[in-house]
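Dear colleague,

I am handing over the structure below, and the notes that follow it set out what was found. Please read them with the model open beside you.

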Amino acid sequence: MTNETTNAADRLKLGPRENVTYPIVMKYCGHCSMPIEYCEYYPEYDKCKEWLERNLPDDFERLKIEEEQAAADGTDDDKKRQKRGGKGLLRVKKKEDVPKRICVSRAARGKKKSVTVVTGLSTFDIDLKVAAKFFGTKFACGSSVTGEDEIVIQGDVKDDLFDVIPEKWSEIDEDVIEDLGDQKR
């Protein structure tokens, strides 16, 4: 056997290694929940730095010194960062300045049945799935999110919604709820 083969066998040997103190303690970031050595690859690295500065000042100082050395060496930070999409990129929906109003309407479903359609709840930052679940349990019927900002409730509960919505969500005033009457779907 050659020297290279022996070195490879030593490196791949199982069990505890020399010059390593056990148990190995890992420190995790409170913002991104990754080990602090990997925070620099996270898209919101600045927020990770703020958390480190507040909660782990010793590690923050070590990280700061390493960054200064890397900057002095001329290594580029942009090479480490992920440029395109992928799992590491957080998707943030752009909030448009849409007037805050809720529209309630009734739509026919067959000859004798109808559904109630509620739109505009997302402008008040209300989770539509939670709201649909609430309406389903409140009115003992089926309720689902059908569009980007639309909840369909089985049955004609349009009149009850004018009382229920402001009661459940205090930030919504009764005046912003608009009745569109009967609509076709």
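Aspartate 59 lies in helix H3, residues 57-73 (helices are DSSP runs of H or I with at least four residues, strands are runs of E with at least two, both numbered from the N terminus). At 11% relative accessibility aspartate 59 counts as buried, where buried means under 20% relative accessible area, exposed over 50% and partly exposed in between, with a 1.4 Å probe and protein chains only. Its side chain makes a polar contact of 3.0 Å with the side chain of lysine 27 (a pair of N or O atoms within 3.5 Å, one able to donate a hydrogen and the other to accept it, and residues adjacent in sequence count only if both atoms are side-chain atoms).

Please bear in mind that this is a predicted model, in which local features need pLDDT of at least 70 and side-chain atom pairs count only at pLDDT 80 or more, while totals for chains, interfaces and linings use all residues. Residues are numbered from 1 along each chain as its sequence is written, and side-chain values use heavy atoms, with hydrogens and water left out.

Aspartate 127 sits in the loop between strand E2 (113-119) and helix H4 (128-139), and with a relative accessible area of 45% it is partly exposed. Aspartate 127 and aspartate 149 are 22 residues apart in sequence, and their C-alpha atoms are 9.9 Å apart in space.

Glutamate 174 is placed in the loop between helix H5 (158-168) and strand E5 (177-183), and is partly exposed because its relative accessibility is 45%. Tyrosine 28, in the loop between helix H1 (3-11) and helix H2 (45-55), is likewise partly exposed, at 48%.

With kind regards
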